[in-house]
Amino acid sequence: MNKNSDNGERINLLGMTRQHLESFFVGINEKPFRAKQIMQWIHHRGITDFNEMSDMSLKLRKTLSQIAEIRLPMMVDERKSADGTRKWLIETSDGGVVESVLIPSGNRATLCVSSQVGCSLDCSFCSTGKQGFQTDLSSAEIVGQLWLANKSFDVFQSGKGRMVTNVVLMGMGEPLLNFDNVVSAMNLMMDDLGYGISKRRVTLSTAGVVPQLDRLSRESDVSLAISLHAPNDHLRSQLVPINRKYPIAELLSSARRYLSSLNDINRRVTIEYILIAGVNDQLEHAIELSKLLKSFPCKINLIPFNPFPGSIYSRPSKRAISRFWKTLVDAGLIVTIRATRGDDIDAACGQLVGRVIDRTQRSTRYDKTNINPVNLRNPL
Ligand code: SAH
């Protein structure tokens, strides 16, 4: 279920899809086209106060203020990297903190969005997994990350249109384990009345929850990334424990089914492969990987491991990375190496930990780090 009314009182309209909003308005004896109007106010113009919605009658505005609200998650910190990357710490309704990261590159700007506070999958190389799972984000908290990024760049005010060109669900959490809220949020991101981002530019990344991936093929057509990280089950089960339940062959068959549901021969799955020194970066791994993926419609994204405090792994040398890359390229595969961005602000892949904050300690922690909490709940 969507946690749209997660404060238990007024219903939060922020994360509701066009369809949900239409039923909401019909439910209060209004015409379905009100959904269109309100979406434009929220997602195109960044307005969260019903009183400013001038194409609605005073009576309707009053009713809405009584029964509904447009409630953003709270942005508690913003950091800017020397390379243009920005990271936001976002507090959820139950006090957990997640991170979202914006990575500008040429004329693109990719927002890396979180879907859960913490994560239950416990992959051995991932700092988010080390904190365990706390809670699912509501669809409002997921799409709210995009709203806040736009707000931070003044996109609403300047009327400059869309700033975020791509969204990747590669922040904290396993998106397929928060299925309904993630699908609603992605639908809003792709809706022209929402953020109008094309389905090719919204990418869901999963460690491989096979039954949910099969469900996704029936309910969505976003782009898919698979966190593979190893060429065989023995190694993958050590790095990505969910592999013990859904081994590589099952995962790749499910990914194939997903691709064929898209009915577009030009679309490919992105295979993410972290390179960890001495663990999965050897020549034999590259050869095994190229055999595994030889006839799989994919592009491979190599991600040099990003270290975090307490991690037992390290990043391979540049030489080892390019040797691995070349072996795959020579085998005819499409391979890119992910540039590390924002590591001076701990915003690189796998460095997103957020924080599970004890409310009594919160002010102390922010005082210490000299951060002023900014309340964007009612920012306008
Ligand atoms: N649970 C999803 C999405 C979150 S992780 C998934 O597993 O795909 C997003 C990407 O960051 C994944 O490919 C993940 O394996 C990678 N990642 C996690 N920790 C990392 C680290 N320390 N260094 C580099 N990449 C990491």
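**Notebook: salt bridges**

I looked up E69 and found it buried, at a relative accessible area of 10%. Buried here means under 20% relative accessible area, exposed over 50%, and partly exposed in between (1.4 Å probe, protein chains only).

The model is predicted, so I note its limits: local features need pLDDT of at least 70, side-chain atom pairs count only at pLDDT 80 or more, and totals for chains, interfaces and linings use all residues. Residues are numbered from 1 along each chain as its sequence is written, and side-chain values use heavy atoms, with hydrogens and water left out.

Next I checked the partner of E69. Its side chain meets that of R71 in a salt bridge, 2.9 Å from N to O. I take a salt bridge as a side-chain nitrogen of Lys or Arg within 4 Å of a carboxyl oxygen of Asp or Glu. R71 also counts as buried, at 15% relative accessibility.

I then turned to D122. The side chains of D122 and K130 form a salt bridge at 3.6 Å, N to O. D122 is partly exposed at 40%, and K130 is partly exposed at 47%.

Then I went to R200. Its salt bridge is with D264, and the closest N and O atoms lie 2.6 Å apart. This pair links distant parts of the chain, 64 residues apart. R200 sits in the loop between α7 (179-190) and β10 (202-206). D264 sits in the loop between α10 (248-261) and β12 (269-275). I read helices (H or I, at least four residues) and strands (E, at least two) as DSSP runs, numbered from the N terminus. R200 is partly exposed at 45%; D264 is partly exposed at 23%.

Salt bridges with shared partners join R10, E69 and R71 into one network. My count by this rule is 15 salt bridges.
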